[in-house]
Protein chains: 2
Amino acid sequence: MEEHEFKAAMADNAARVEDYLDRLLPLHDNPEARVIEAMRYATLGGGKRVRPFLVTQSARLFAVSEDSALRAAAAVEMVHCYSLVHDDLPAMDDDDLRRGRPTCHKAFDEATAILAGDALLTRAFEVMADPSIHPDPRIRADLVVALARASGAEGMVGGQMLDLVAEKADLTVPEITRLQRMKTGALIAVSCEAGAILGKASKMQHTALLAYAHDLGLAFQIIDDLLDVEGDAAEVGKATGKDADAGKATFVSLLGAERARSQAAMLVEQAGQHLDIFAEKADPLKRLARFVFERRA
Amino acid sequence: MEEHEFKAAMADNAARVEDYLDRLLPLHDNPEARVIEAMRYATLGGGKRVRPFLVTQSARLFAVSEDSALRAAAAVEMVHCYSLVHDDLPAMDDDDLRRGRPTCHKAFDEATAILAGDALLTRAFEVMADPSIHPDPRIRADLVVALARASGAEGMVGGQMLDLVAEKADLTVPEITRLQRMKTGALIAVSCEAGAILGKASKMQHTALLAYAHDLGLAFQIIDDLLDVEGDAAEVGKATGKDADAGKATFVSLLGAERARSQAAMLVEQAGQHLDIFAEKADPLKRLARFVFERRA
């Protein structure tokens, strides 16, 4: 798969997901629609849509309808965006800038941002459980369970808590790896799992996708740490240098930039190998892993 | 049903729900367990458990297993408790006291309270979708959809947003009624709906339970407004007089205490009548409506 083909596929998928998010978060005229405006602000018009790409490309490995895949992709993206809204709050990471725009609580206010995050999380589960996503109710219930496990106290939220309570400077590589697997890895993994659930994947296929997702997620985090050190705020679209300022141990502070980068390269290589059982159908997912490694923002 | 029998049934149900909440929110030794401690703090050891009682009593109208009903009851209570944790935050209602104890962000901190709320909401959907709640996946998916609709931007969260943006002093009775139906009524309604979904209720039974819940929810709110004016903070377990201090229109400020009380009495009477199709099996639910009317805290 050529780079221009891959980039076109990413852009095409992002546009389709944007369209689904737009339709799944309809605005109305009632005064409480302020919360919907904030939900739309937090989800529409930005981001590389890496997780939705994982959902739709995992789904394409099986005979999943495009509509099912895009609904699941939009639901996962809602969870990702809710987590950004809450993480950016003053009581959490206190960020003013996100994707080059004011964060949700800056554009609206804190109360609205808290509620918009809550409502996005809720809507994600509704989308996963609604009959329109798939006629088989067992698949719908399984999607909800998988998304909840990835997002909750044993997954993403637990990872965010761990990030807040950990003695930042004293973390070891295994501890940072566990933190990352919970905080960002779990949602990346469930993006691939959603495709497998919708596609009634075999146990072996399911396991291969999860192994790919775990390696990809870790590579993603290492590159994120590198960009935090080396990146330019305008290009990355959020504040950089925050981890070092906070005296936080990262893959880069522990391994050094060189070893961190070669570790990421190894993970990307390994991620692709897990998908060999899908032959060339998995090319976009393999290409995505390389994209993660090469990204500058 | 005698008053002492009803009170014993409420207490017995509260103890069973407490046990399920305890088991559904297991603590562990990892450092991120702080968020689970906060989830447990926010849910265990308090409250009249009105919503769980509605779930289990609605379920008892049909042939629903006690285990199914108590899981659904615990899930609804998790959503109720998450909403209290987030509503109490400084950026929202800024309350220090809840059920006579420090609010979650006072006992822990704001970041932990935000995350604990998020994780409780997430866990509630996981409990509803998990196979252990019911073998029929259609029922599980339906429970998730009903809970999401009641809790999200078109329900509870929308009501909270409306409460924040409404020109408080200028609200009319129909506007306050709509606000209440979203902010507190939707979760009361889905408590009854959960029993109907688990019990595969007929359309007519479903409608009767919803009509009961709507009248009960409105009566509940009117009594809440009366207690805010007339109640004692120590007895009610949270700050009182807040609505008047905030110049907020309430059922009491618009109708006066006398008319508000007789309106609540009428609603309680009417709520019970909707349940006549269930004959004496619905006695606990009818008695609950009277309890709501008579409560002093």
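Figure 1. Residues are numbered from 1 along each chain as its sequence is written, with chains lettered from A and ligands numbered from 1 in the order in which they are written. Because the model is predicted, local features need pLDDT of at least 70 and side-chain atom pairs count only at pLDDT 80 or more, while totals for chains, interfaces and linings use all residues.

**Figure 2. Where chain B meets chain A.** Here 42 residues of chain B are in contact with 42 residues of chain A (contact: C-beta atoms, placed from the backbone, within 7 Å). On the chain B side, the elements giving two or more residues are α2 (34-43), α6 (110-129), α7 (137-151) and α8 (156-165). Helix α6(B) provides the largest share, 12 residues. Helices are DSSP runs of H or I with at least four residues, strands are runs of E with at least two, and both are numbered from the N terminus. By type, this side of chain B divides into 26 nonpolar, six polar and 10 charged residues (nonpolar: Ala, Val, Leu, Ile, Met, Phe, Trp, Tyr, Cys and Pro; charged: Asp, Glu, Lys and Arg; polar: the others, Gly among them).

**Figure 3. Leu147(A) and the nonpolar core.** Take a look at the largest nonpolar core, which has 206 residues. Such a core is a set of buried Ala, Val, Leu, Ile, Met, Phe, Trp, Tyr and Cys residues joined through C-beta atoms within 7 Å. Among the residues with the most contacts inside it are Val144(A), Leu147(A) and Ala219(A). Leaving aside residues up to four places away in sequence, Leu147(A) touches Ala75(A), Val79(A), Ala124(A), Phe125(A), Met128(A) and Val190(A).

**Figure 4. Phe293(B) in helix α14.** Phe293(B) sits in helix α14 of chain B, residues 283-294. With 19 other C-beta atoms within 10 Å, Phe293(B) is partly exposed (buried: 20 or more such atoms; exposed: 12 or fewer; partly exposed: in between; C-beta atoms placed from the backbone). Beyond residues up to four places away in sequence, Phe293(B) touches Ala219(B), Ile223(B), Ala264(B), Ala265(B) and Val268(B). Ala265(B) is 28 residues from Phe293(B) in sequence, yet 6.8 Å away in space, C-alpha to C-alpha.

Key:
Contact = placed C-beta atoms within 7 Å.
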